[in-house]
Amino acid sequence: MKPGNAGGGKGPQLKADARSDEDGGIDVSLTTPASVQKLQTALHAKAKESPSFRFYALYDKVYRKDVLAFAYKRCKANGGVAGVDGQTFEDIEAYGVERWLDELMQELENRTYQPLPVRRVYIPKPDGKQRPLGVPAIRDRVGEMAAVLVLEPIFEADLQPEQYAYRRDRSPLDAVRHVHKLINTGHGKIVEGDLSSYFDTIPHSELLKSVARRVVDGAMLHLIKMWLEAPVEEMDEHGNKHRSTRNRDEGRGTPQGSPITPLTQKVILTV
């Protein structure tokens with residue numbers, strides 16, 4: 001979806017690029033299947049036309065075969081290492097993608113799906129410090145991406161044109177260019193701010209309330225809550241695994257690196 005059109009009168013252009021939603025970027029383009037594009041266009045149009053409308057039947061769209069299949073392709077294009085179960089994309093290809101997707105679809109449809117713990121890894125920052133990154137299992141990445149495909153068109157409709165964060169086909173450089181243009185047209189003041197430990201401290205209750213402003217589908221809300229509360233597993237320097245349930249216990253935090261995380265930040269921006 002090209003969010004640049006979301007603030008105007010035109011419908012979204014649903015040619016998705018497969019740029020990673022997990023902090024990376026790749027040069028692969030994926031065209032959204034016609035059936036998924038039709039669904040996204042309808043959701044976006046309804047959200048744009050009725051700003052106060054609350055969607056009540058979304059969960060069944062998440063486990064639609066075409067949605068899950070495209071979510072899998074998006075996740076595969078993004079790449080990434082295995083989660084706590086050790087399953088790789090090569091393992092899934094060897095097992096059979098159709099068979100694997102059918103099993104995930106059945107779990108979601110039967111509501112027996114439970115996310116696995118998120119694997120925590122650390123990546124170096126330019127200042128020498130390390131940033132924690134959450135790596136869900138591929139099955140959970142695909143489920144989250146399917147939810148993103150369904151929910152993103154709704155919340156994109158509520159964003160203002162000048163909002164750049166977590167939007168496809170927009171970058172920090174685009175925001176800088178916009179600021180530069182404003183300076184050249186007479187705006188003389190710039191306010192810069194940063195939120196410390198933002199991903200670790202975002203309150204679940206407020207986030208879910210923000211989602212519920214547009215979504216009243218209880219199954220969908222429960223799915224998002226499960227992802228937010230998933231335990232985190234990491235390995236210490238001695239190779240011992242440790243599991244934390246801090247997010248669930250404290251009711252705050254969202255794993256930076258999960259496909260659903262950029263969407264949750266976008267939801268917060270619409271409040």
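A residue counts as buried when its relative accessible area is under 20%. By that criterion Val 67, with a relative accessible area of 1%, is buried. The structure is a predicted model, and its protein chain has 12 helices and four strands.

**Overall chain**

- The protein chain comprises 271 residues, of which buried residues make up 45%.
- Of the contacts that link residues at least 6 apart in sequence, 71% join residues at least 24 apart.

**Nonpolar core**

- The largest nonpolar core contains 54 residues.
- Leu 58, Leu 68, Leu 108 and Val 142 are the residues with the most contacts inside this core.
- Helix 6 makes the greatest contribution to the core, giving 11 residues.
- Leu 108 touches Tyr 59, Val 62, Tyr 63, Leu 68, Tyr 113 and Leu 223, when residues up to four places away in sequence are not counted. Leu 68, one of these partners, is itself listed among the residues with the most contacts inside the core.

**Helix 1 with helix 6**

- Helix 1 spans residues 34-49 and helix 6 spans residues 138-156; the two pack at an angle of about 30°, and their axes are 7 Å apart.
- Helix 1 is therefore roughly parallel to helix 6, because angles under 35 degrees fall in that class.
- The crossing of this pair is right-handed.
- On the helix 1 side, the contact is made by Leu 39, Gln 40, Leu 43, His 44 and Ala 47. On the helix 6 side, the contributors are Leu 149, Val 150, Pro 153, Ile 154 and Glu 156.
- By class, the residues of the contact of helix 1 with helix 6 are seven nonpolar, two polar and one charged.

**Helix 5 with helix 6**

- Helix 5, residues 97-110, packs against helix 6 at an angle of about 65°, with the axes 11 Å apart.
- This angle makes helix 5 roughly perpendicular to helix 6.
- Helix 5 passes helix 6 in a crossing that is right-handed.
- Helix 5 supplies Trp 100, Leu 101, Leu 104 and Glu 107 to the contact, while helix 6 supplies Ile 138, Arg 139, Val 142 and Gly 143.
- The residues of the contact of helix 5 with helix 6 divide into five nonpolar, one polar and two charged.

**Helix 9 with helix 10**

- The axes of helix 9 (residues 204-212) and helix 10 (residues 218-228) come within 11 Å, and they cross at roughly 155°.
- Helix 9 is accordingly roughly antiparallel to helix 10, because angles over 145 degrees are classed in this way.
- The crossing of helix 9 with helix 10 is right-handed.
- The residues that make the contact are His 204, Leu 207, Leu 208, Val 211 and Ala 212 from helix 9, together with Leu 221, Ile 224, Lys 225 and Leu 228 from helix 10.
- The contact of helix 9 with helix 10 has seven nonpolar residues, one polar and one charged.

**Val 67**

- Val 67 is located in helix 3, which covers residues 65-78.
- Val 67 and Ala 146 are 79 residues apart along the chain, yet their C-alpha atoms are separated by 5.9 Å.
- With neighbours within four places in sequence left aside, Val 67 is in contact with Val 36, Leu 39, Lys 61, Val 62, Ala 146, Leu 149 and Val 150. Of these partners, Leu 39, Leu 149 and Val 150 also take part in the contact between helix 1 and helix 6.

**Gly 134**

- Gly 134 lies in strand 2, residues 130-135.
- Gly 134 counts as buried because its relative accessibility is 10%.
- The C-alpha atoms of Gly 134 and Tyr 122 are 8.7 Å apart, and the two residues are 12 apart in sequence.
- Beyond residues up to four places away in sequence, Gly 134 touches Val 118, Arg 119, Gln 256, Gly 257 and Ser 258.

**Arg 111**

- Arg 111 is situated in the loop between helix 5 and strand 1 (118-124).
- Although Arg 111 is not a glycine, its phi is positive, at about 60°.
- Arg 111 has 59% relative accessibility and therefore counts as exposed.

Technical notes:
Residues are numbered from 1 along each chain as its sequence is written. This is a predicted model: local features need pLDDT of at least 70, side-chain atom pairs count only at pLDDT 80 or more; totals for chains, interfaces and linings use all residues. Side-chain values use heavy atoms; hydrogens and water are left out. Axes are lines fitted to C-alpha atoms, for helices over the stretch in contact, and angles run from 0 to 180 degrees between N-to-C directions. Angles under 35 degrees count as roughly parallel, over 145 as roughly antiparallel, 65 to 115 as roughly perpendicular and the rest as oblique. A crossing is left-handed if the near helix is turned anticlockwise from the far one by less than a right angle, and right-handed if clockwise. Contact means heavy atoms within 4.5 Å. Ala, Val, Leu, Ile, Met, Phe, Trp, Tyr, Cys and Pro count as nonpolar, Asp, Glu, Lys and Arg as charged, and the others, Gly among them, as polar. A nonpolar core is a set of buried Ala, Val, Leu, Ile, Met, Phe, Trp, Tyr and Cys residues joined through side-chain atoms within 4.5 Å. Buried means under 20% relative accessible area, exposed over 50%, partly exposed in between (1.4 Å probe, protein chains only).
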